[in-house]
Amino acid sequence: MAELPYQPWTLSVDEILRQFHVSSDEGLTESEVEQRRKQYGENRLQEAKGKSAWRIFIEQFQSLIIGILAVAAVLSFAFSQWIEGIAVIIAIVINTAIGFFTEYKAIRSMEALQKLSSTTAKVRRNGRLQEIPAVELVPGDIVIVESGDAIAADLRIIEAANLQVNESSLTGESLPVGKDVQPLDADIPLAEHHNMLYKGTALTRGSGSGVVVATGMKTELGHISELAQKAGKSDKTPLEKRLDELGQWLVWVTIAIVIVVAIAGIVAGRDVFLMVETAIALAVGAVPEGLPIVATVALARGMWRMAKRHALINQLSAVETLGATSVICTDKTGTLTENQMTVSRIFIDAGEIQVTGEGLATQGEFQRNNQKFNPSEDKVLPALLEVGILCNNAALQPEDSNESRVVGDPMEVALLVAGAKAEMQRQQLLQKMPEVREEAFDPDLKMMATIHKFDGQYRFAVKGAPEAVLQACTRILTDSDAVQMTEEVRQDWQERINQLAQQGLRTLALAQKIAQSEKADPYADLTLLGVVGLLDPPREEVIPAIKECQEAGIRVVMVTGDQPVTAKNIAIAVGLTDNQQADVIKGQDLKSFEELSPDERQRIVQSAVLARVSPEQKLNLVDLHQRHQAVVAMTGDGVNDAPALRKADIGVAMGQRGTQVAKEAADMVLQDDAFASIVAAVEQGRAIFNNIRKFTVYLLSGNVGEIILVATASLLNAPLPLLPLQILYINVVNDALPALALGVGEGEPTLMKRPPRAANEPILTRRHWLAIAGYGLVIAATLGGAFILALTWLGLNEQQAVTITFMTLGFTRLWHVFNMRDRDSGLFHNEITRNPYVWGALIFCTGLLLIAVHVPVLSNVLQTADPGVDGWLLIVGMSIIPLIIGQITKLINRKKRKLK
């Protein structure tokens, strides 16, 4: 085929299949796929361009700091201070280079992370159901869709069962639109193409299949270039914005201070150029221009660490919110449990049947009272297994298949495996009983049905939540015949279901009926076949992860659609509660905030287990916790979970079993669906926020010390203990690496031993501002002391004394990094001493300080002189004073906290 069909909605199902030379049962062959991919290319939209290297470079000059430095360079040249002017230009280049390379690497890292998460599609090729990356779809592919799928290409529908689609991204229509297979007139508007599924829309209900009629830029979404551009937009996180605002505020405060200093110096008779240049240097030195850059690096590094722990971040702002998370509402299946289901118990009218074998192994036995028997000898069991296989959208390939063995929901896969143990295969059953249509799973009814043609009649195969199926059944199949379902029998079955639930098994009821018409109500007058119990053991890593959360002041709440008894048993097994009488809240009690009494609100907020919860009720739960000032992380996997994921402070989607709609609504996607990955991400979020605090305090406290020192000297009409270029050298060259090292630290092991911070807590609290002021005063006093001792005690000349102050400042700033350890960490063993980047930065920056004195060219520019042996001893001795005072202060404060 050379051209894609024009107006595919006008063609019938048979016509569209003929146009693409494809069978709906077999799909394309691999050779056809390869040929069409060469012809039409990959199924990609033109990606919005990421931030280019040139743009990143230009943005380095769009800051007030660079402007101030440029003014300093111009003034230097105006006063014929050529060396100083050139030095300032070099400082601009160095500052720009550091900013460019760190930001470039961070942005490229984050862009690479976004590519780790990809959309998939289920297709039928070579007669088999396969799951492939959506970019590999080609025109003519037969795509299978079900509720929760994000449509990955434009499809002409060829099968539809209760299909409803959210097309708001394409048409603006907010309500779901029903779909069918009937051809339409050519001039029907896009919003009324009821036989088409368009790329970028989302299936909200039902199931079906379609043939791909357009991919990539040939889709309707591809024609709307604005949407493609919008997909590439990104904005700064609230944290980065707060850092920017902090930096801008400090600029203006500092400018006000240095104007006063400059005027005071000029009035005192100092050289006008020297005072203007000093004022400008102070303005630059006082503002930590590296804050936004280091923040970007810290966030990017944190995202990579999370990705290594199987947590992909969709929204960068989620990284900082994670650290404040106080409540985690988690699903049970696949998150707290393995999500590797096995049918281990079956209840039919004649009693309980045990099924051996685990996982995907199709070898197993059916036993009654520990005695093996042949399932074909029973009348009811084969019918139950057949319904489990027929009412199913999963695929189980042979063990020797080169393709992925399973496609689909783990529960449905378990039903296929159970059938295989009785030597029943889905394809063979479908040959005898072809599927006519499907009633997709309805989250309100909690049931699903498929209709099959059988001996001139129609067999309805139904599965669903036990209480829903029991209610729909009027008869029960026994060894002799189908008998009436009385209220007493229904109650007896409810007790059997409770038995399975008390063993921690997930329960599923199966039923059937024979009707003369396929149009019959699928959920009326059913005959109950039995109930299966599916084993889904808790994940090994869940118990320590929950304990870690409890120690970190984070409440873990299980929110499941399962039976209350099953939920409670799993909660006890994983350590959520040790109370057999624990209060389990049912979904029906989760009303909106306004409908609940204060006592009911308190009861729900304090409960750790909620069962039979619908997606809509999840929304009420998130709202209730948020109104109690909690920062809520909520997990979800279904299309109906999307509102709760968006409402939560952190929406967490399941990467393996989650729908595409849920993934797109979430802030974070778990590649392994594991609860422990959420906990690891929360810990990393705390570490990142702590790191940003550390380097902010580190940079500001050192700069405050410089301001106090120079301002005091100027106001007292004393010799300047530091020259402008020396201040620039320290701030632009020597501070960047230690700050970056602090920004990428892994954090203290005790991070998860303390309660979460408040969501509205600022980067710098009152305690941190006091620390900045205190450290600044100590650093200023130390530098002033070193300058005075060099002049008086050692009798050095002014150039040597200034050099000693310069070197003391440089080494003080290096040792000061150790004062940034957490206040409850060890003196020698802490997150700073264990950070290899810190040691690398210290070694490199020590070399930079030494060459500033001993390399003639640089020494001439910075106007330094060898201070001699005594001078170096003074530098070493004075530079460690702030470190010693800082550590003593931490020890005293730690003892005070222990006494309290």
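A residue is called buried under 20% relative accessible area, exposed over 50% and partly exposed in between, with a 1.4 Å probe and protein chains only. By that cut-off Trp54 is exposed, because its relative accessible area is 59%. This is a predicted model, in which local features need pLDDT of at least 70, side-chain atom pairs count only at pLDDT 80 or more, and totals for chains, interfaces and linings use all residues. Residues are numbered from 1 along each chain as its sequence is written, and side-chain values use heavy atoms, without hydrogens and water.

Trp54 is part of helix α3, residues 53-59 (helices are DSSP runs of H or I with at least four residues, numbered from the N terminus).

On a 1 Å grid over the protein atoms alone, a cavity is a set of points where a 1.4 Å probe fits but cannot get out, and a pocket is an open set with protein on both sides within 12 Å along at least five of seven lines; lining residues have an atom within 4 Å of a point. A volume is the space filled by probe spheres set on the points, which are joined across faces, edges and corners. There are two cavities of 30 Å³ or more.

| Space | Volume |
|---|---|
| Largest cavity | about 50 Å³ |
| Second largest pocket | about 1,400 Å³ |

The second largest pocket is lined by 46 residues, and Arg124, Arg426, Gln427, Leu430 and Glu435 are the closest to its centre. Helix α15 (residues 426-432) gives the most to this lining, with five residues.

Residues lining the largest cavity include Asn691, Lys694, Leu742 and Glu831.

Terms used:
Helices (H or I, at least four residues) and strands (E, at least two) are DSSP runs, numbered from the N terminus.
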